[in-house]
Amino acid sequence: NFCTIFPYVERIAFAPAARLVASSAFSWGVNKNTHPLKNVRFWGITEVEKDAFYNQANLTTVEGRLKSAGESAFEGTSIESITFDDTYATPTIGNNAFAYCSSLKTVKLSNRIETIGQMAFFRCASLTEIVIPDRVSEIQDLAFFDTGLMTVVSKREDPINISNVVFDGITTQRAQLIVPTKSIEAYKAAEGWKNFYKITDAWGA
């Protein structure tokens, strides 16, 4: 583990030729003192494996477009913003990839994303808005549990088949769901979607 060998590193910039952040490479045990790593810069990284930055509580900034996020890759960090690369991103966001990232405010998903894993954004309390691309065909249980979501935009015309616990714990009585105009009635009848207080199109119809 890199952080065990170099316990005082605050910033990491990967070389352009680097392609992989291996499993648990920069993870930090839950019973250890907080590691000082604050900033990570990706250049050519195409894969971030399981637990790569797990529990790096001081990690606030990830520079560069993210191409993948394996299981628990950033769980327990303090990152504030994530952008997935539209050209090279892998189709799946891993289970728990950003769970307990309570400072995460902005997420830009790639148009290549097809699956959002179980508990992927679990308890991201600062996340108030998410745009779900039209290629997403699966959102697993508790993916957005107990987030701060007030606006969810789904670009799919046909509602994804999801369970009632995907958005469990958010204030659906106040949150709005924005969908394509001709799909409003379909979302109002669909499990997991119909619980939103307001289901409308982008123009408030």
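You are looking at a predicted model, in which local features need pLDDT of at least 70 and side-chain atom pairs count only at pLDDT 80 or more, while totals for chains, interfaces and linings use all residues. Residues are numbered from 1 along each chain as its sequence is written, and side-chain values use heavy atoms, with hydrogens and water left out.

**Stop one: Glu63 and Arg41**

Select Glu63 and Arg41 and show their side chains, which meet in a salt bridge at 3.8 Å, N to O. The pair ties together distant parts of the chain, 22 residues apart: Glu63 sits in strand β5 (residues 61–63) and Arg41 in strand β3 (residues 39–41). Strands here are DSSP runs of E with at least two residues, numbered from the N terminus. Glu63 has 26% relative accessibility and counts as partly exposed, a class that lies between buried (under 20% relative accessible area) and exposed (over 50%), using a 1.4 Å probe and protein chains only. Arg41, at 30%, is partly exposed too.

**Stop two: Asp86 and Lys108**

Next, pick Asp86 and Lys108, whose side chains form a salt bridge at 3.7 Å, N to O. Asp86 is in the loop between β6 (81–83) and β7 (92–93), and Lys108 is in strand β8 (residues 106–108), so this pair links distant parts of the chain, 22 residues apart. Asp86 is partly exposed, with a relative accessible area of 32%, and Lys108 is partly exposed at 40%.

**Stop three: Arg135 and Glu114**

Move on to Arg135 and Glu114, where the N to O distance in the salt bridge is 3.2 Å. Arg135 lies in the loop between β10 (129–132) and β11 (138–139), and Glu114 in the loop between β8 and β9 (115–116), 21 residues apart. Arg135 is partly exposed at 43%, as is Glu114 at 30%.

**Last stop: Ser27**

Finally, select Ser27 in the loop between β2 (20–21) and β3. Is Ser27 buried or exposed? With 15% relative accessibility, Ser27 counts as buried. Show Ser24 as well: its backbone oxygen lies 3.1 Å from a polar atom of the Ser27 side chain.

Note on methods: Salt bridge = Lys/Arg side-chain N within 4 Å of Asp/Glu carboxyl O. Helix = DSSP H or I, 4+ residues; strand = E, 2+ residues; numbered from the N terminus. Polar contact = N/O pair within 3.5 Å; in protein donor to acceptor, adjacent residues only side chain to side chain.
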